[in-house]
Amino acid sequence: MTALEAYADPPCLPATEPLRLARLLDLDKTEHLDEVEFARRVAAGLPVSTVPALGRLVGRSRIEGRVVSEATLHRHRRSGTALSRSHSERVYGLARVLDAVGRAFHGDTARIESFLNRPHPLLDGESPLEMATSSSAGANAVLNLVWRAEAGVAV
């Protein structure tokens, strides 16, 4: 069962967003993870392993090279350093999108994949995944789209 499929059983999901994001990103040492601690982790730089964790959820080629360049990933892996703050923020934004979409589609990976990869008219024809990987503002645009849909606003 993937981390996204787990959204099909909400009682088994962690109750807080930071813990759900940690699960999506395969982060360890999460027993005391709250919003403040998660913010500190992002600011200090997330582990390089968070990028392949996202790739396993939506496809490696859709993440590596788009969120963080392959050369940057290789450099960080070789040196054993964390991602930069800006790359960590992009990873965080995309994880928030996957969390929101996972909840909205109740872990139905076929529907999640369809939503993420189909061009959307309210995103000027871009797919939600393209928009979310473009920038933190793009991730926010997709989050707003999902939240409006959950609130019953026509999207």
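The legends below describe close-up views of a predicted model. Residues are numbered from 1 along each chain as its sequence is written, and side-chain values use heavy atoms, with hydrogens and water left out. Because the model is predicted, local features need pLDDT of at least 70 and side-chain atom pairs count only at pLDDT 80 or more, whereas totals for chains, interfaces and linings use all residues.

View 1. Helices are DSSP runs (H or I, at least four residues) numbered from the N terminus. Helix H3 spans residues 50–58 and is largely enclosed by the rest of the structure, because seven of its nine residues are buried (under 20% relative accessible area, 1.4 Å probe, protein chains only). The buried residues are Thr50, Val51, Ala53, Leu54, Gly55, Leu57 and Val58. They pack against (contact means heavy atoms within 4.5 Å) helices H1 (17–24), H4 (60–63), H5 (70–79), H6 (85–104), H7 (109–117) and H8 (128–134).

**View 2. Asp26 in the loop between H1 and H2.** Asp26 lies in the loop that runs between H1 and helix H2 (35–44), and its phi is near 55°, a positive value in a residue other than glycine. Most residues other than glycine have a negative phi. With a relative accessibility of 46%, Asp26 counts as partly exposed (between the buried limit of 20% and the exposed limit of 50%).

**View 3. Lys29 in the loop between H1 and H2.** Lys29, which also lies in the loop between H1 and H2, has a positive phi of about 55° although it is not a glycine. Lys29 is exposed, with a relative accessible area of 63% (exposed means over 50%).

Methods. Helix = DSSP H or I, 4+ residues; strand = E, 2+ residues; numbered from the N terminus.
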